[in-house]
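Hi everyone, thanks for coming.

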Amino acid sequence: MNNTYIMVFSLSGFSATVNYRVTLFSLTLLCYCLILVVNVSLILTITFDQNLHEPMYICVCNLCINGLFGTAGFYPKFAFDLLSDIHVISYAGCLLQIFVIYYYAEVDYSVLALMSYDRYVAICRPLEYHSIMSVRRTTVLVFLSWLVPLCAMVLTISLTSKLKLCGSNIQKLYCENWSVVKLACGTTTANDIVGLIVISFYCGHVFFIVYSYVRLVKSALKSRESRRKFMQTCVPHLFCLFNVTATLLFDVMYSRYGSASVSQSVKNFMAIQFLLMPPILNPIIYGLILTKIRRRMIYLCMMTNQRFKARFHV
């Protein structure tokens with residue numbers, strides 16, 4: 001069967017949600033609203049405060065923008081499917097969802113790697129920081145953080161779109177590249193090789209981040225000022241890195257090596273962790289721990305509250 005005849009895919013992961021539709025829809029709506037509020041708040045805070053136009057805060061802003069982009073590819077469709085009796089997605093819609101979700105994950109790692117480099121320069125080479133992390137270089141690095149994953153995803157999607165498919169059932173709540181590749185009738189060698197290269201490339205990001213932090217810890221032990229900088233700016237980054245890596249690892253392991261004995265509900269829960277936890281926790285962690293952002297957000301909240309009270313009394 002040629003893929004041109006596959007007009008829609010069925011998402012069988014929803015079979016485990018039938019008895020909890022309303023509850024899950026309410027929780028989904030609550031989570032998505034929370035994601036929108038915390039990420040937009042942090043983006044606006046950084047955008048409108050000139051004092052926060054520094055490399056680290058620009059990276060945080062990009063993490064939040066990416067979080068909004070990635071969750072937009074999942075939550076609206078997921079919420080609609082929860083209330084629907086038919087759980088399908090068009091062929092084009094499936095490829096688009098794969099692109100958005102995978103692109104989101106790859107950009108996250110790219111930005112986290114850039115943040116680790118920024119912190120390494122700030123703590124290990126403080127006198128050279130402003131010359132190394134100049135506005136121009138920061139702009140180029142941020143641009144590459146979005147461009148390289150884009151190229152990787154264009155290649156991945158183009159290879160997947162050329163596959164001849166012999167099935168249309170995806171055992172997840174959303175479209176995932178490996179699930180579509182498994183439906184292929186013929187060989188998937190090219191897809192496997194490209195997939196391995198992309199995974200290896202982003203594993204390299206993880207090793208780079210770990211290496212940077214080993215250097216950072218060694219440097220932080222040398223002086224009280226370095227320890228203070230490390231605790232204030234690096235600890236939240238490590239939380240976010242662990243958050244993203246752990247949730248993605250769960251999804252990859254269950255997608256490729258998941259046991260048939262594991263219930264569909266557990267598989268569903270594991271599969272959506274990286275679309276649930278990082279977009280909520282990343283802005284909250286940075287908003288609470290990074291002093292400049294926390295103070296600015298408290299100030300804005302107080303000003304808004306005062307203006308509201310003044311208007312109310314008038």
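Let's begin with cysteine 185, which is partly exposed at 36% relative accessibility. By that I mean it falls between buried, under 20% relative accessible area, and exposed, over 50%, with a 1.4 Å probe and protein chains only.

Before going on, a quick word on the ground rules. This is a predicted model, where local features need pLDDT of at least 70 and side-chain atom pairs count only at pLDDT 80 or more, while totals for chains, interfaces and linings use all residues. Residues are numbered from 1 along each chain as its sequence is written, and side-chain values use heavy atoms, with hydrogens and water left out.

Back to cysteine 185: which residue is joined to cysteine 185 by a disulfide? The partner is cysteine 166, with an S to S distance of 1.6 Å. Here a disulfide is a pair of cysteine sulfur atoms within 2.5 Å. The torsion about the S-S bond is about 125°, so this link is right-handed. Cysteine 166 is partly exposed too, at 48%.

Where do these two sit? Cysteine 166 is in the loop between helix 6 (135–161) and strand 3, and cysteine 185 is in the loop between helix 7 and helix 8 (189–220), so to speak distant parts of the chain, 19 residues apart. Helices (H or I, at least four residues) and strands (E, at least two) are DSSP runs, numbered from the N terminus.The count comes to 2 disulfides, and the other one joins cysteine 94 to cysteine 175, with S to S at 2.1 Å. Its torsion about the S-S bond is -120°, and the link is left-handed. Cysteine 94 lies in helix 4 (residues 91–124) and cysteine 175 in the loop between strand 3 (169–170) and helix 7 (177–181), so the pair ties together parts 81 residues apart in sequence. Are these two buried or exposed? Cysteine 94 is buried at 0% relative accessibility, and cysteine 175 is buried with 0% as well.

If you number the bonded cysteines in sequence order, the pairing reads 1-3, 2-4.

Cysteine 61 is buried, at 10%, whereas cysteine 203 is partly exposed, at 35%.

Last stop, the largest nonpolar core, which has 84 residues. Such a core is a set of buried Ala, Val, Leu, Ile, Met, Phe, Trp, Tyr and Cys residues joined through side-chain atoms within 4.5 Å. Phe9 and Tyr174 touch the most other members, and helix 4 gives the most to this core, with 21 residues.

Thanks, and over to you for comments.
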